[in-house]
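We will go from the whole chain to single residues.

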Amino acid sequence: MKKPVKICKNPDCGVEIVDYKSSKREYCSDYCRNHHGHKRRCEENFEFIAQKKGLANNYKILKRYIDAGVVREDFDKLLKFGFDPKYLPQKYIDRTFSPNIAFHIIKDIIFGLDPVTNQVIINSVNNEK
Ligand SMILES: [Zn+2]
């Protein structure tokens, strides 16, 4: 019986695998198998590093406000300073912080966007009573 033609799973290759012994075969060659796995790991790692860097940068920007004793800032202004809402930790809702505002925590800073005023409320976790 003729085996179905497989396509190498390495997206940069895409060669047809006509002759193979195992039906589990996914790549045309060892090179493609290793290369694809390596590339995928690099991409995952890159995402992870970007997320970490983005968070650290957001923290740095918010920290400046905390240090200056400023607890509210226009969201647009934060964006101008390089704040990137793509990199935010998990969202919480806590009525003791603010009734309707979801907030995030990075290290010792708690912050959330007030949708009514489009301002970011910034607070130090240590100041929370
Ligand atoms: Zn291949």
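The tour below moves from overall dimensions to a loop, and then across a sheet.

Before selecting anything, note that residues are numbered from 1 along each chain as its sequence is written. This is a predicted model, where local features need pLDDT of at least 70, side-chain atom pairs count only at pLDDT 80 or more, and totals for chains, interfaces and linings use all residues.

**The whole chain.** Select everything: the C-alpha trace spans about 75 × 25 × 25 Å along its principal axes. The radius of gyration of the protein chain is 24 Å, whereas a compact globule of 129 residues would have one near 14 Å (taken over C-alpha atoms; the globule rule is 2.2 Å times the number of residues to the power 0.38). Colour by secondary structure and you will find 2 helices and 7 strands, in the sequence pattern β-β-α-β-α-β-β-β-β. Both are DSSP runs numbered from the N terminus: helices are H or I with at least four residues, strands E with at least two.

**A loop stop.** Now pick Lys-24, in the loop between strand S2 (16-17) and helix H1 (30-68). Is Lys-24 buried or exposed? Lys-24 is exposed, because 6 other C-beta atoms lie within 10 Å; the cut-offs are 20 or more for buried, 12 or fewer for exposed and partly exposed in between, with C-beta atoms placed from the backbone.

Next, select the 5 strands of the open antiparallel sheet, ordered S3-S7-S6-S5-S4. Strand S3 (72-74) and strand S4 (92-93) stand at the edges with a single partner strand each, so one side of each has no neighbour in the sheet. Pairing here requires at least two DSSP bridges between two strands.

**The next hairpin.** Move on to S6 and S7, which run antiparallel and are joined by 6 bridges. Show Asp-114 with its bridge partner Gln-119 in S7. This hairpin has 4 residues between its strands, and Asn-118 in the turn shows a positive phi of about 55°.
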